[in-house]
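Work through the following exercises with the structure in view, and try each task before reading its solution.

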Amino acid sequence: MTKIKTERMELRLTPEEKDNLIKRAAEARMSMSKYLLALSEQKKIIVVEDLTEFIRQLIKIGTNVNQVALVANTYRTVSVKQIETLNENLIAIQQLMRKLLTVIRNTGDEIKV
């Protein structure tokens, strides 16, 4: 259920503080209101610059897993090579996820990946 926001607050800042907040909210791809609320609730703000390669690898791995599953379902058998490929793909997923989680854990309130 969406809460209707009716309350307003005024905040006094130096021009530099204001510019910094505007810049950081834009980097986080958030409105100023959402950005300040997230900060006030001490939420971790994660800014991901480029997930394209990560997503591409996951899609590629998912495709390979689906191909192995199709062969297994069709022929009721899977070759050792297909199992090895599947295991390699699962290891690759684990490595990508571990890398992403390490970046997230090793940063402060705001990160860039």
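**Exercise 1.** Determine the handedness of the crossing of helix 3 and helix 4, and then work out how the two helices are oriented to each other.

*Solution.* In this predicted model, the crossing of helix 3 and helix 4 is left-handed. For the orientation, begin with the geometry: helix 3 covers residues 52-75 and helix 4 covers residues 80-105, and they pack at an angle of about 155 degrees with their axes 10 Å apart. Angles over 145 degrees count as roughly antiparallel, and helix 3 and helix 4 are therefore roughly antiparallel to each other.

The next step is to find the residues that make this contact. Helix 3 contributes F54, Q57, L58, I61, N64, V65, V68 and V71, while helix 4 contributes Q82, L86, N89, A92, I93, L96, M97 and L100. Sorted by class, the residues of the contact of helix 3 with helix 4 comprise twelve nonpolar and four polar, with no charged residue.

**Exercise 2.** Decide how helix 1 and helix 2 are oriented to each other, and name the residues through which they meet.

*Solution.* The axes of helix 1 and helix 2 come within 9 Å and cross at roughly 95 degrees. Since angles of 65 to 115 degrees count as roughly perpendicular, helix 1 and helix 2 are therefore roughly perpendicular to each other. On the side of helix 1 the meeting residues are L21, I22, R24 and A25, and on the side of helix 2 they are M32, Y35 and L36. By class, this contact has six nonpolar residues, one charged residue and no polar ones.

**Exercise 3.** Describe the largest pocket, and state which helix gives the most to its lining.

*Solution.* The largest pocket holds about 520 Å³ of space. It is lined by 16 residues, of which R8, M9, M32, S33 and L36 are the closest to its centre. Helix 1 (15-27) and helix 2 (32-40) each supply at least two residues of this lining, and helix 2 gives the most, with five residues. The lining divides into eight nonpolar, three polar and five charged residues.

Methods:
Residues numbered from 1 in each chain as written. Predicted model: local features only at pLDDT ≥ 70, side-chain atom pairs only at ≥ 80, totals over all residues. Heavy atoms only, no water. 1 Å grid on protein atoms, 1.4 Å probe; cavity = no way out; pocket = protein on both sides within 12 Å on 5 of 7 lines; lining within 4 Å. Points joined across faces, edges and corners; volume = space filled by probe spheres on them. Helix = DSSP H or I, 4+ residues; strand = E, 2+ residues; numbered from the N terminus. Nonpolar A, V, L, I, M, F, W, Y, C, P; charged D, E, K, R; others polar. Axes fitted to C-alpha atoms, helices over the stretch in contact; angles between N-to-C directions. Parallel < 35°, antiparallel > 145°, perpendicular 65-115°, else oblique. Left-handed = near helix turned anticlockwise from the far one by under 90°. Contact = heavy atoms within 4.5 Å.
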